[in-house]
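Visitor: I am new to this one, so please walk me through how to read it.
Guide: Gladly; let us look at it together.

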Amino acid sequence: MNAPESPPASCEKADSDKPEPEQPVARAMGSREFVALMAFIQALQALSVDSMLPALGHIAADLHVTDANHRQLVVGIFMLFSGLGCLVPGALADRFGRRPVLLTCMALYVLLTTACALAVSFQMLLISRALLGLACAGFNVLPAAIIRDSFEGDRMARTQSLVAMVFMVVPMMAPSVGQAVLLAASWRWIFGVMGLMGLIVSIWAVLRLPETLHPQYRQSIEITRLTRTMGEVITNRAAIGYVIANALVTGALLGYINSAQQLVAEHFGAGARFPLIFAGMALTMALTAFINSRIVMRMGARRVSHGALLVYICTSLLQWKMAGPGETIWEFLPLMTLNMCLSGFLGANFSSIALQPFARTAGAAASIQVFIRIVGGSVLGIIIGNAFDGTARPLAFALASAGVLTLGLLLFSEKGQLFKRRNPPGLPRQVA
């Protein structure tokens, strides 16, 4: 086993006479309950997107939307503001604690889903969706900070993988939930179901989730301090390569999601089988997250993600070579599914590695990192989706390009040395 390297310049070891604080989460709830709660918190954001898809036509007709493409703003506006809002909750959580900020976001979630359900115009619905996206930004940022508070190194990567595994169930089920509601009631009741889920998760968090931010890590809210923290996040060599790489991988995945209906259902002729195919692919990603959680403690987040990236590049290049007018669905699906599985080995591990240098400012660090990933990934996803030309070739080119660029970014962050494990279990915890 390789000896651990020194921490980045922005890190310093905790004082030897200050033992690592006991983790409050471990005292309050078991690991399974903790993983489930973190996953359900993140799932509230996914539910706000995927459950809407079957209802967009109904919303457009009921609220008299004349341009058919404008209905997409119900999803697009939400995602945009969800990404933009990621800069706020982390800094607040570093000052006031994770618990009060998270519970505030949950209260706003319940309130704003009710506002969406009661909207009498399309403009009012979009405003409510934008505000809902801002509230959901906390669900993107705070679970990562809570996990960072509670776990270190590969244990953190393992926990994030388990959370991702549970979380991935929502994209598989949410469209069916929305469709089931439409069979019995108006589209407005989809927001009612969302609000009810938010209320249930809120009560769960109130009763069971303790404050995880160590008192000595609290940060005052000062513009200069926040600017300095953001600057440290962006300029930290050990982290920034992984952050941008995560945005590239996310953008390639969103590019597929944006064009999946046209590509799979229309170009490859899947038709009514498309929802089942999409759900099956999501299931493979959930299984990948589970596998990652089982091996990352033994092999390390870097070794797992670096190895997966090399396979990802090879698979994407093969997919690019095969893409074209004559490609069949049976040639496309196995390679695309494999790439989605490999991206499951990348995302959670990249996130945990990127947060390693920022124990004392994990909230602000998570905010800026999630902001870059979601906003950058969303923009790239839109560009990739709009490049659809009736074949899978633009998507395959985007996947291959993302893989090659990601390799370069990781080589930069790791100073040219891949597969070198740091912070294996049992070593003293390093604190930034």
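Predicted model: local features only at pLDDT ≥ 70, side-chain atom pairs only at ≥ 80, totals over all residues.

Visitor: How many helices and strands are in the chain?
Guide: Helices (H or I, at least four residues) and strands (E, at least two) are DSSP runs, numbered from the N terminus. The chain has 17 helices and two strands. Of its 432 residues, 54% are buried; buried means under 20% relative accessible area, exposed over 50%, and partly exposed in between, with a 1.4 Å probe and protein chains only.

Visitor: At what angle do the axes of H2 and H7 cross?
Guide: Angles under 35 degrees count as roughly parallel, over 145 as roughly antiparallel, 65 to 115 as roughly perpendicular and the rest as oblique. Helix H2 (residues 31–50) and H7 cross at roughly 160 degrees, their axes coming within 9 Å, so the two are roughly antiparallel to each other. Their crossing is left-handed, a term for a near helix turned anticlockwise from the far one by less than a right angle, with right-handed used if it is clockwise.

Visitor: Which residues make the contact between H2 and H7?
Guide: Contact means heavy atoms within 4.5 Å. On the H2 side, Phe34, Met38, Ile41 and Gln42 are among them, and on the H7 side the list includes Arg129, Leu132, Cys136 and Phe139. By class, this contact has 10 nonpolar, five polar and one charged residues. In this sorting, Ala, Val, Leu, Ile, Met, Phe, Trp, Tyr, Cys and Pro count as nonpolar, Asp, Glu, Lys and Arg as charged, and the others, Gly among them, as polar.

Visitor: How is H4 placed against H7?
Guide: The axes of H4 and H7 (residues 122–150) come within 7 Å and cross at roughly 40 degrees. H4 passes H7 in a right-handed crossing. Among the residues in contact are Leu73, Phe78 and Phe81 of H4, together with Leu125, Arg129 and Asn140 of H7. The tally for this contact is 14 nonpolar, three polar and one charged.

Visitor: What about H15 and H17: at what angle do their axes cross?
Guide: Helix H15 (residues 329–355) and helix H17 (residues 393–413) cross at roughly 30 degrees, with axes that come within 12 Å. That makes H15 roughly parallel to H17. The crossing is left-handed. Phe332, Met336, Asn339 and Phe350 of H15 meet Leu395, Leu399, Thr406 and Leu410 of H17. These residues divide into six nonpolar, two polar and no charged.

Visitor: Is Thr406 buried or exposed?
Guide: Thr406, in helix H17, is buried, with a relative accessible area of 0%. Its side chain reaches the backbone oxygen of Ala402 at 2.7 Å. Leaving aside neighbours within four places in sequence, Thr406 is in contact with Ala245, Leu248, Val249, Leu309 and Phe350.

Visitor: And which residues does Gln319 touch?
Guide: Gln319 sits in helix H14 (residues 301–322) and is buried at a relative accessible area of 1%. Not counting residues up to four places away in sequence, Gln319 touches Phe332, Leu335, Met336, Asn339, Ala396 and Leu399.

Visitor: What separates the C-alpha atoms of Leu103 and Val206?
Guide: They are 7.5 Å apart, although the two residues are 103 residues apart along the chain. Leu103, found in helix H6 (residues 98–117), is partly exposed, with a relative accessible area of 22%. Beyond its neighbours within four places in sequence, Leu103 is in contact with Ser202, Ala205 and Val206. Across the chain, among contacts between residues at least 6 apart in sequence, 87% join residues at least 24 apart.

Visitor: Finally, what is the phi of His64?
Guide: Most residues other than glycine have a negative phi. His64 has a positive phi near 60 degrees. His64 lies in the loop between helix H3 (56–62) and helix H4 (73–84) and is exposed, with a relative accessible area of 66%. Lys415 also has a positive phi, of about 55 degrees, although it is not a glycine. Lys415 is in the loop between H17 and strand E2 (430–431), exposed at a relative accessible area of 62%.

Terms used
Residues numbered from 1 in each chain as written. Heavy atoms only, no water. Axes fitted to C-alpha atoms, helices over the stretch in contact; angles between N-to-C directions. Polar contact = N/O pair within 3.5 Å; in protein donor to acceptor, adjacent residues only side chain to side chain.
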